[in-house]
Amino acid sequence: DRQSLANKLPRPAPAKQPFSPEKAMDGPGIVQVSRKVFAAIFVVFVVSALWLVLVGDFGGISAHLREGNSDSLMISESLPPRTHQPKTRSTAVFLELGAHNGDWTKKKCDSFSALVQFGGKESAVSFERWSIERYRCVMFDASPLHHERRKKVAKKCGCIYMNAIVSTRDNSMAPFQVSNIRGGVGSSIYKNGTYTPASLLNQTIVAEVNIGRWITENIDPNAHVWVRMDIEGAEYNVMRKLINTGVACKYFDVLEFEGHAMYNPKTHHMRPVDVVLPWLLRECGVDVRFESYYGTKRRDRSVLHAWPKEDKCRPGVCPLLYEPIAEITA
């Protein structure tokens, strides 16, 4: 019959539907394959990135660090640590920047010798809390005055004596104003100051040492470092560099800092730094002992005589310029 004949005839193939990307992604098998492919690509990317950083040269950074050129990349290395690392070694370093006649260094090594040999009470207060067994001492000064005396102190105490002034520059020479007042007191890189008037000084050319670089290359950061800084006005630029590069916080335990802002018109505007500096270094554990001869305890008449007349900030008027800044309280 007709129905049976129709069933025996071949049926036409269904018409092809146009390709649809949306429908093509609907199948569960395709979705599973896509996820696997994506996961594989991600794993390959991660492994390749790690291999490049650890072994290869990722954009030249690895080679840059291997060659020691890390100033612009290892940013964290230039930031001061929040606190001192535990001091584990038993060496003290006495670093006198601006040694003049070497008396400060001589007193330190004499005190240490008294502690070791005779158990001196005064020296025990200074050194026993550090459990010191040995010390190193280094003096920096380039004034021709007291040169021979500094050499004798260095020989007696076993110190290193650097006949140079401390600076922030490498391998350079600089004019130095040698004062003829009171045995050379106030000799400085700056002329026309309280102790360096043009009529009473001799200018000489001296070597400069980048003190930050010298410390990092020659001082063990685990040693107990006691610094005396008396460099007649140059202390402000030097300390800014030591703080910004992290040297002060990493190396210094005690800093005896003598301020000279009011000794020369060129440094008068540095006056606020005197009280801010101890506050900044207190955060990283440096014991700052500020001194000046224009404060509330010691007053140098020569400095007071040269004080700017327009500056009315004497101790009774501007007390905040005469005491280190206190912490902010709640």
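1. Contact is taken here as heavy atoms within 4.5 Å, and on that basis, among contacts in the chain between residues at least 6 apart in sequence, 70% join residues at least 24 apart. The model is a predicted one, in which local features need pLDDT of at least 70 and side-chain atom pairs count only at pLDDT 80 or more, whereas totals for chains, interfaces and linings use all residues. Residues are numbered from 1 along each chain as its sequence is written, and side-chain values use heavy atoms, with hydrogens and water left out.

2. The secondary structure of the chain comes to twelve helices and nine strands, where helices (H or I, at least four residues) and strands (E, at least two) are DSSP runs numbered from the N terminus. Of the 330 residues, 38% count as buried, a label that means under 20% relative accessible area, with exposed set at over 50% and partly exposed in between (1.4 Å probe, protein chains only). The chain exposes about 20,500 Å², of which carbon and sulfur atoms supply 58%; the areas come from the Shrake-Rupley method with a 1.4 Å probe, and for residues only the protein chains shown count as cover.

3. Six strands make up an open sheet with parallel pairing, in the order S3-S2-S1-S7-S8-S9; two strands pair if DSSP finds at least two bridges between them. Strand S3 (160-162) and strand S9 (287-291) are at the edges, each with a single partner strand, so one side of each is left without a neighbour in the sheet. On average, and with direction ignored, neighbouring strands of this sheet are turned by 10 degrees against each other, the axes being lines fitted to C-alpha atoms (for helices over the stretch in contact) and angles running from 0 to 180 degrees between N-to-C directions.

4. Strand S8 deserves a separate look. Five bridges join strand S7 (residues 224-229) to strand S8 (residues 252-258), and the two run parallel; in this pairing Met 229 has Phe 257 as its bridge partner in S8, while Arg 228 stands opposite Glu 256. S8 and S9 also pair in the parallel sense over five bridges, with Leu 255 opposite Val 288 in S9. S8 is mostly covered, seven of its seven residues being buried.

5. Helix H8 (residues 211-218) lies across strand S1 (91-97), strand S2 (134-140), S3 and S8, and runs at about 155 degrees to S2. Helix H9 (residues 235-244) packs on the sheet, where it touches S7 and S8, and its direction makes about 160 degrees with that of S8.

6. A nonpolar core is defined as a set of buried Ala, Val, Leu, Ile, Met, Phe, Trp, Tyr and Cys residues joined through side-chain atoms within 4.5 Å. The largest such core has 43 residues, and those with the most contacts inside it are Met 239, Phe 252, Leu 255 and Leu 281. The elements that give two or more residues to this core are S1, S2, H8, S7, H9, helix H10 (247-251), S8 and helix H11 (273-282), and its largest share, five residues, comes from H9. Not counting residues up to four places away in sequence, Met 239 touches Met 229, Ala 248, Leu 255, Phe 257, Leu 277 and Leu 281. Apart from this core lies another, of 16 residues, including Ala 99, Cys 137, Cys 157 and Trp 226.

7. With a disulfide defined as a pair of cysteine sulfur atoms within 2.5 Å, the count comes to three. In one of them Cys 109 and Cys 157 have their sulfur atoms 2.0 Å apart; Cys 109 lies in helix H5 (residues 103-118) and Cys 157 in helix H7 (residues 147-157), so the pair ties together parts that are 48 residues apart in sequence. Both Cys 109 and Cys 157 are buried.

8. Another disulfide joins Cys 137 to Cys 159, with S to S at 1.8 Å, and this link is left-handed, with -90 degrees about the S-S bond. Cys 137 lies in strand S2 and Cys 159 in the loop between H7 and S3, so the pair ties together parts that are 22 residues apart in sequence. Cys 137 counts as buried at 3% relative accessibility, as does Cys 159 at 12%.

9. The disulfide of Cys 249 and Cys 284 has S to S at 2.0 Å, and the torsion about its S-S bond is about -75 degrees, so this disulfide is left-handed. The pair links distant parts of the chain, with Cys 249 in helix H10 and Cys 284 in the loop between H11 and S9, 35 residues apart; both cysteines, Cys 249 and Cys 284, are buried.
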